[in-house]
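Welcome, and please open the viewer. We will walk through the model one selection at a time.

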Amino acid sequence: MPQQVSISDAEWQVMNVIWEAQPLTAQEAIGRLEGQADWAPPTVKTMLHRLTKKRVLTYEQQGNRYVYRSRVKRSDCVKQASRSFLERVFGGESGPLLAHFLRSAHLSPDQIAELRQILNEQDRKS
């Protein structure tokens with residue numbers, strides 16, 4: 001991300017719509033969010049404006065429409081949000097975070113195998 005930016009839960013919903021189908025006009029974003037959130041069109045437009053001010057989105061004016069694109073990759077936002085969550089909730093320690101999620105998750109055999117492979121790779125690096 002261009003800088004440390006905090007994105008609210010509602011803004012994440014808007015960004016997910018943009019990442020999935022950019023570029024999008026404000027009206028297209030409103031239409032895609034209709035089934036996900038109970039927001040009036042002005043609310044979505046306000047969030048698009050906020051995300052533009054935060055430099056997470058960029059826009060291009062085409063006639064009387066604004067066409068929005070992400071300025072940042074989803075993976076960069078996920079990485080930053082993950083780090084922030086890890087610091088706030090687990091004091092920056094990833095071990096307790098992983099243990100918590102593993103104890104509360106219902107994993108398929110394929111997911112367990114993938115996790116074992118990741119742990120084995122980590123073990124070889126040590």
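A residue here counts as buried under 20% relative accessible area, exposed over 50%, and partly exposed in between (1.4 Å probe, protein chains only). Keep in mind that this is a predicted model, where local features need pLDDT of at least 70, side-chain atom pairs count only at pLDDT 80 or more, and totals for chains, interfaces and linings use all residues. Residues are numbered from 1 along each chain as its sequence is written, and side-chain values use heavy atoms, with hydrogens and water left out.

**Stop 1: the sheet**

Helices (H or I, at least four residues) and strands (E, at least two) are DSSP runs, numbered from the N terminus. Select the three strands: they form an open, antiparallel sheet in the order 1-3-2. Strand 1 (24–25) and strand 2 are the edge strands, each pairing on one side only. Strands pair if DSSP finds at least two bridges between them; strand 1 and strand 3 (residues 65–70) are joined by two. Click on Leu 24 and you will find Tyr 68 of strand 3 opposite.

**Stop 2: the salt bridges**

How many salt bridges does a search of the whole structure find? There are two, each a side-chain nitrogen of Lys or Arg within 4 Å of a carboxyl oxygen of Asp or Glu.

Select Glu 11 and Lys 54, whose side chains meet at 2.7 Å, N to O. Because Glu 11 lies in helix 1 (residues 9–21) and Lys 54 in the loop between helix 3 (41–53) and strand 2 (57–62), the pair ties together parts that are 43 residues apart in sequence. Glu 11 is buried at 2%, while Lys 54 is partly exposed at 25%.

Next, pick Glu 60 and Arg 69, with 3.9 Å from N to O. Glu 60 is partly exposed at 39%, and so is Arg 69 at 36%.

**Stop 3: the aromatic rings**

Rings of Phe, Tyr and Trp (its six-membered ring) pair if their centres lie within 6.5 Å; planes under 30 degrees apart are stacked, over 60 edge-to-face, and the rest tilted. The structure holds four such pairs. Tyr 59 and Tyr 66 are edge-to-face, 5.1 Å centre to centre with 75° between the planes. Tyr 59, Tyr 66 and Tyr 68 form one aromatic cluster.
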